[in-house]
Amino acid sequence: MKRFVAELIRRKVLRVTAAYLVVGFAVLEAADILRDTMRLPPQLLHVVTLVLILGIPLTVALTWIFEISSSGVRRTQPAADAESVSRIWPITGIVLLSTLALGATTWVIPEASRGRSRPEPSQASIAVLPFVNLSGDPANDYFGDGLAEELTNTLSHVGDLRVAARTSSFAFKGRQIDAMEIGDILGVAALLEGSVRRQGSRVRIGAQLIRAVDGLSLWSQAWERELTSANVFAIQDEITHAIAGELERELLPGSSRLAERRTDDIEAYDLYLLGRHQWAKRTADGLSSAISFFEQAIERDSSFALAWAGLADSWEARPFFDSSVTMAEAERAARPAAEKALDLASHLAESHAALGVILSDYDFDYPAAISRLNAAVELNPNYAQAWSWLCVAQTMSGDPTTALASCDRAVALDPLSPIPRVQRGLALMVLDRHEEALYAFVAGDDLGPLSWVLAVATRLQLGQTDEIDEDLVRTGAALGLPDPQRMRSVAATIRGEGGRETSLAILHDLEAAHRIGFLELAPLYAWVGAPEEAWRVFAQAIAERDPWLPFAGSVTSFAPLHQDPRFAAALDSLGIRGGRSAE
């Protein structure tokens, strides 16, 4: 082997290969710049990367065989001990080439590998980006956001058009990202972008439809109007119909089914949009603000069904993200609001979905919930949140295979939201597809400690005990620990390396500080060898009717408790079948 390495050095194989990789990386960077400046197709990077990878073994082989001298290119003369080298060259050469190719693949094509996890664009698909506020007054942001939100809602009812969810589209607000890259990330064929300039009572609105594959403008138009409370909706309708007409010609010829106006009160509608903006944050403060905005909207227009649905959604979600709100308190407010929305507008997907998620999360009545949520996605196939809730109900009902398809639809519509990704991971976990589940939990890390504890559970199923340290450190960071590195002690205990009392002290501190929910805390107690502590936390969750209880019957985090007869009896008493009941 020493002679072989010496021969590689003599023939300059290592030097030339290193130079090739450096130049290849520079070529890839240049291709990326050219793609942006010349608006070339995003697939350019993938093609260049493939060519560079294929060139690695060719470069190695040519450098081994030939050399450049003062007299030109000639075959390299063998060394004196070439016979011994030639015997090991075939096997060692293959290993070397494979290693180089693998290293290059890992090094230079991260973007290509990430792209495979993105939704593939269909021809009939679009994302409505937030309209840029050119007024100079940040207070006017809501007007452009509202316009984009209304266009998203309206276009979602146009034929078979797939519309990216607001959560993902609005993730690009204020960011300078090329239209082609946005289209690639969201998996859409077209983008709608625009701007709003509001000065006094005058407003100028510009909109442009862009083909995502090459960034070319398909259509653009501008409107300038006198803005009053009486004509704002007329302006929105004018823009929406103009864009829908262009989409018919470009994407869906001969198809049109626009949503009707939901309220005639401009201030009520603005309050509704502000409420949805706060609801989407899924934080305690955000949900509290959302409830306030929806209530104000209802005060102005008590027949505004969407505001009632938003109020129901906010109260329904609040116990999941605000430990100060009990399930009973939330249910008393959420259920009547959902029923009111359904009475006012049974033709709206939001009305059916609002009641469906309550039937799932509060009543554990999964057949009824699935029926309502199916009605929602039939009314609006682009309603990503309804698909997401449907995925959970189907998983909990013991049908994780169907749930997975619903989650895939939610992820395709809202690819940047962590919530449907984590819900997809739960379905995969029930199906014992743990490697895929692990990827889903890591990709959904925005959900905080829950994502990382689920990742730990999945790694334990896969036997990856050495990898749980970093997941638990991230858990500690998400919980706001002053020293998240302390969680390494918990990881060591889980691996059976001792330190049980230290780990219990850490978990007790977390529990006392109310920084962790039972869905994370109970498994951690079980994993460090304290089953009675785990049961105590679980029993407390039952007494308080914790909103996360249904997940305890299906996720493998609770595997250490699944053998306890008290555990199964408690779930049965609540009517929770659990996602593993079909097995």
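Predicted model: local features only at pLDDT ≥ 70, side-chain atom pairs only at ≥ 80, totals over all residues.
**Exercise 1.** Determine how helix α10 is oriented relative to helix α12, and which residues form their contact.

*Solution.* 
Step 1. Two packed helices are described by the angle between their axes and the distance between the axes.
Step 2. Helix α10 covers residues 266-279 and helix α12 covers residues 305-321; their axes come within 10 Å and cross at roughly 20 degrees.
Step 3. Angles under 35 degrees count as roughly parallel, so α10 is roughly parallel to α12.
Step 4. The crossing of α10 and α12 is left-handed.
Step 5. On the α10 side, the contact involves Tyr272, Arg276 and Trp279; on the α12 side, it involves Leu306, Ala307, Ala309, Gly310, Asp313 and Ser314.
Step 6. By residue class, this contact of α10 with α12 comprises five nonpolar, two polar and two charged residues.

**Exercise 2.** Characterise the salt bridge between Arg276 and Asp313 by distance, position in the chain and burial.

*Solution.* 
Step 1. A salt bridge requires a side-chain nitrogen of Lys or Arg within 4 Å of a carboxyl oxygen of Asp or Glu. In the pair Arg276 and Asp313, the closest N and O atoms are 3.1 Å apart.
Step 2. Arg276 belongs to helix α10 and Asp313 to helix α12; the pair links distant parts of the chain, 37 residues apart.
Step 3. Arg276 and Asp313 are both buried.

**Exercise 3.** Carry out the analysis for Asp509 and Arg486.

*Solution.* 
Step 1. The side chains of Asp509 and Arg486 form a salt bridge with an N to O distance of 3.8 Å.
Step 2. Asp509 is in helix α23 (residues 500-512) and Arg486 is in the loop between α21 (468-478) and α22 (487-494), so parts 23 residues apart in sequence are tied together.
Step 3. Asp509 is partly exposed, with a relative accessible area of 44%; Arg486 is also partly exposed, at 35%.

**Exercise 4.** State how many salt bridges the model contains, and name the residues of a salt-bridge network.

*Solution.* 
Step 1. The count comes to 22 salt bridges.
Step 2. Arg202, Arg204, Glu224 and Glu226 are joined in a network of salt bridges.

Methods. Residues numbered from 1 in each chain as written. Heavy atoms only, no water. Axes fitted to C-alpha atoms, helices over the stretch in contact; angles between N-to-C directions. Helix = DSSP H or I, 4+ residues; strand = E, 2+ residues; numbered from the N terminus. Parallel < 35°, antiparallel > 145°, perpendicular 65-115°, else oblique. Left-handed = near helix turned anticlockwise from the far one by under 90°. Contact = heavy atoms within 4.5 Å. Nonpolar A, V, L, I, M, F, W, Y, C, P; charged D, E, K, R; others polar. Buried < 20%, exposed > 50% of the residue type's maximum accessible area, 1.4 Å probe, protein only.
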